[in-house]
Amino acid sequence: MKAKLAIITSLAVTIGAALIYAATTTITVKGSDTMVILGQRWAEEFMTKHPEISIQVTGGGSGTGISALINGTTDICNASRPIKSSERSKLKQRYSSLGVEIKTAKDGISVYLNENNPIGELSLDQIKAIYTGTITNWKDLGGEDTKIILYGRENSSGTYVYFRDVVLKGQDYAGSMQTMPGTAAVVNAIANDKNGIGYGGAAYGKGIKFVKVKKDASSPGYEPTAENVTAGLYPIARYLYMYVRNKPTGATKKFIDWILSDEGQAVVTKVGYFPVR
């Protein structure tokens, strides 16, 4: 009798576990390294309220995420740049849809310096000259007589593309720029290199200092703070996006709606980015 009861109990546990597993919906999110920390925090907080939904967040860069969206290997793409018309065309060819864009947060692309670098502010033209290789020594900017060491992102990064298009005005990066696999790697390099300069999301600025960025030589410099980004004063502000193939439904819609709610936008502030509402 005890053996029969044990078998029944074991069977009930197995069936119960199977039912729980079957009831779990998995959402995959892939893309921007800038958004990885934010995406993971969104997922963690959302899943505590919705244990029936599992969310898997990975990075790899905005371009990698958009490719995964086109290839059908992710449900949501995180991107720190707008999707290109050529990428929309591929979505159209495969899914008869141009995709759906959701603005989820704001970011001030920050210019990082080592804490021991005496430079406090740079104009957009000066930053462009540094990253295109026209200015190569800190003394030309009022600093020490040392070579400027450039750090940046790999070309699959949305931040790489945005910085090139907006700050460099489409010109190529200097060949001397050292490309790093993620924003955290850029920050770590700058923290250990007094002569280094880098760029990336505002939320990653730990152990380095932000440069005050000036729109032009005669303008005041601004740091990428919530007040300056919201007021439109910081000159390198952008949106952070999510892209899906079609109008979101079901668990995906529930997740995105929560991200855009006051609760989801509060996570944006906690992480160090800026809310869209």
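How many of the 10 residues of helix α3 are buried? In this predicted model, local features were considered at pLDDT of at least 70 and side-chain atom pairs at pLDDT 80 or more, whereas totals for chains, interfaces and linings use all residues. Residues are numbered from 1 along each chain as its sequence is written, and side-chain values rest on heavy atoms, with hydrogens and water left out.

Helix α3 (residues 62–71) is mostly covered, with 7 of its 10 residues buried, where buried means under 20% relative accessible area with a 1.4 Å probe and protein chains only; helices are DSSP runs of H or I with at least four residues, and strands are runs of E with at least two. The buried residues are Ser 62, Gly 63, Gly 65, Ile 66, Ala 68, Leu 69 and Ile 70, and they pack against β1 (25–31), β3 (76–79), α4 (85–95), α6 and β13 (237–244), contact being defined as heavy atoms within 4.5 Å. Helix α3 is followed by Gly 72, whose phi is positive, near 80°.

Two packed helices are described by the angle between their axes and the distance between the axes. Helix α2 (residues 36–49) and helix α10 (residues 262–271) pack at an angle of about 140°, with their axes 10 Å apart, the axes being lines fitted to C-alpha atoms over the stretch in contact and the angles running from 0 to 180 degrees between N-to-C directions. The two helices are therefore oblique to each other, a class left over once angles under 35 degrees are called roughly parallel, over 145 roughly antiparallel and 65 to 115 roughly perpendicular. On the α2 side the contact includes Arg 41 and Trp 42, and on the α10 side Val 267 and Val 268 are among the residues involved. Helix α9 (residues 250–260) also packs with α10, at an angle of about 65° and with the axes 4 Å apart; here Trp 258, Ile 259 and Leu 260 of α9 meet Asp 262, Glu 263, Gly 264, Gln 265 and Val 267 of α10.

Aromatic pairs, defined by ring centres within 6.5 Å for Phe, Tyr and the six-membered ring of Trp, come to 12. In one of them, Tyr 160 and Tyr 173 have ring centres 4.6 Å apart and planes at 35°, so the pair is tilted, planes under 30 degrees apart counting as stacked, over 60 as edge-to-face and the rest as tilted. Tyr 160 lies in helix α6 (residues 158–166) and Tyr 173 in the loop between α6 and β8 (178–180), so the pair ties together parts that are 13 residues apart in sequence. Both Tyr 160 and Tyr 173 are buried, and together with Tyr 131, Phe 163 and Tyr 199 they form one aromatic cluster.

Definitions and conventions:
Buried < 20%, exposed > 50% of the residue type's maximum accessible area, 1.4 Å probe, protein only.
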